[in-house]
Amino acid sequence: TLSNSKVAERNKERSLIMIKPNGVQRGLVGEVIKRFEQKGFKLVAMKFTQASEEHMKTHYKDLEKLKFYPGLCKYMSSNPVVPMVWEGLGVVKTGRVMLGETDPAKSLPGTIRGDFSVHIGRNLVHGSDSVESAKKEIALWFKDDEVVTYTAGNNEWIYE
Ligand code: GDP
Ligand code: MG
């Protein structure tokens, strides 16, 4: 069996979840936050901000060779977004499940993209695709002291 500190460590995985400009415009900020809260993940950072196109180009650097990349970066910087850091056991993988597929048409009802979006270029929300990329993305969007360390009061009701 794992020691208590190992268990605590495992529960500290983090993902960058970001509400895209259309999620803000369509009044779905609370809906997205609600789903991650109700799941039992812990919010450790959040901001409301309009990013520069350069910032978005860095965020999506892995996609720079794809044809939709310029339009994607322009769109993502055209209006405010809500980047957040959520923490918990398996939050990267589970967060992606909660979002749904990249293409909303392939996303099941019950997922955020499946419930609230139609087009791949307007799929409402971003989620890190690996623990490694989450670390990079969190460092891009938040200074160290903007990610808050605190004890969640509901911890023992979520983890065995
Ligand atoms: P994600 O990790 O599920 O967000 O998907 P990717 O990392 O592959 O792509 C980043 C974002 O680019 C997606 O969330 C989409 O908004 C957008 N995107 C991906 N593929 C396409 C595409 O074929 N066409 C358009 N217009 N946008 C796309
Ligand atoms: Mg991605």
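Predicted model: local features only at pLDDT ≥ 70, side-chain atom pairs only at ≥ 80, totals over all residues.
**Entry 1: the surroundings of ligand 1**

I then looked up polar contacts, that is, pairs of N or O atoms within 3.5 Å. An N or O atom in the side chain of R96 is 2.7 Å from an oxygen atom of ligand 1. For the side chain of T102, the corresponding distance to an oxygen atom of ligand 1 is 2.5 Å. I found a polar side-chain atom of N123 at 2.9 Å from an oxygen atom of the ligand. Ligand 1 has 550 Å² of accessible area on its own, and the protein covers 75% of this (Shrake-Rupley method, 1.4 Å probe).

**Entry 2: helix α6**

I turned to helix α6, residues 91-99 (helices are DSSP runs of H or I, at least four residues; strands are runs of E, at least two). Its buried residues (under 20% relative accessible area, 1.4 Å probe, protein chains only) are V91, V92, G95, M98 and L99. These lie on the same side of α6 because they cover an arc of only 120° around the axis, taken from the directions from the helix axis to the C-beta atoms. On the other side, K93 and V97 are exposed (over 50%).

I noted that the cover over the buried residues includes β1, α3, β3, α7, β4 and α8, with contact meaning heavy atoms within 4.5 Å. Just after α6, G100 takes a positive phi of about 100°.

**Entry 3: conventions**

I numbered residues from 1 along each chain as its sequence is written, with chains lettered from A and ligands numbered from 1 in the order in which they are written. Local features need pLDDT of at least 70, side-chain atom pairs count only at pLDDT 80 or more, totals for chains, interfaces and linings use all residues, and side-chain values use heavy atoms, with hydrogens and water left out.

How values were computed. Polar contact = N/O pair within 3.5 Å; in protein donor to acceptor, adjacent residues only side chain to side chain.
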